[in-house]
Amino acid sequence: MPKIESPMARREFMAGMALLMAVAPVAAAGAKLAPSPYQPLLREVAQLVIPRSTTPGAGEVGVGVFVLLALDHGLEGTKGFDHAAWLKTALGAGFLAQPLPKRRAALAALDARAFAGDAAAKPWLAIKRLILLGYYTSETGGSKELQYVHVPGRWDPDLPLKPGDRAFSSDWSAVDFG
């Protein structure tokens, strides 16, 4: 019977990890997202969806770039359709040049159409989900906007909420990753 070699020794593993840590920053620098003509649009739309309050808004923390990357990788079932180009068309070419109240109204109208079941506005639902996902998984959204308790403690089925209470970023029980 042939002798089975033992798994990788700890020193070999640590040497490999050290090499990976030395090479990773160089690889990451080369893998930056190329500038997109849709970045200003998605930054503004993200900022309108989650505006500045006591914490920075979604556009300010870079959620627009995240949305472009997520769309490029097909998150939320977005593969095979140019959602960013659709959004630019749906909001109109002069969207960014309009005053803030008109931009808010245009986005609110698109949002209302999408949630009313208008098939032509359906791509907005995926974009909005990605904006929310990007913001609430960012450092600002996850640790400053939401409460974070590493181990929330005992389980209380009827925890009273007071006005101003925030959701917990460590509670992932309602997230569907399917």
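**Close-ups of a predicted model**

View 1. E76 comes out as partly exposed, at 37% relative accessibility (buried is under 20% relative accessible area, exposed over 50%, partly exposed in between, with a 1.4 Å probe and protein chains only). You'll find E76 in the loop that links α3 (63–73) to α4 (83–91); helices here are DSSP runs of H or I, at least four residues, numbered from the N terminus. Most residues other than glycine have a negative phi.

This is a predicted model, so local features need a pLDDT of at least 70 and side-chain atom pairs count only at 80 or more, while totals for chains, interfaces and linings take in all residues. Residues are numbered from 1 along each chain as its sequence is written, and side-chain values use heavy atoms, leaving out hydrogens and water.

View 2. Averaged over the chain, pLDDT (the predictor's confidence in each residue, from 0 to 100) is 82, and 70% of the residues score at least 70. Residues 26–31 fall below 50, and beyond near neighbours in sequence this stretch makes zero contacts in the model (contact means heavy atoms within 4.5 Å).

**View 3. V49 and its neighbours.** V49 belongs to helix α2, which covers residues 39–49. Leaving aside residues up to four places away in sequence, V49 touches L107, W124, K128, I131 and L132. A108 is 59 residues from V49 along the chain, yet their C-alpha atoms are 9.3 Å apart.

**View 4. Helix α2 against helix α5.** Helix α5 spans residues 100–115 and packs with α2 at an angle of about 80°, the axes being 11 Å apart (axes are lines fitted to C-alpha atoms over the stretch in contact, with angles from 0 to 180 degrees between N-to-C directions). That makes the two helices roughly perpendicular, a label for 65 to 115 degrees. On the α2 side, E44, V45, L48 and V49 make the contact; on the α5 side it's L100, R103, R104 and L107. By class, that's five nonpolar, no polar and three charged residues, with Val and Leu counting as nonpolar and Glu and Arg as charged.

**View 5. Two tyrosines, edge-to-face.** There's one aromatic pair in the structure. Y135 and Y136 form it, 5.0 Å centre to centre with 85° between the planes (ring centres must lie within 6.5 Å, and planes over 60 degrees apart count as edge-to-face). Y135 is buried, at 0% relative accessible area, whereas Y136 is partly exposed, at 30%.

Terms used. Parallel < 35°, antiparallel > 145°, perpendicular 65-115°, else oblique. Phe/Tyr/Trp six-rings, centres within 6.5 Å; stacked < 30°, edge-to-face > 60°.
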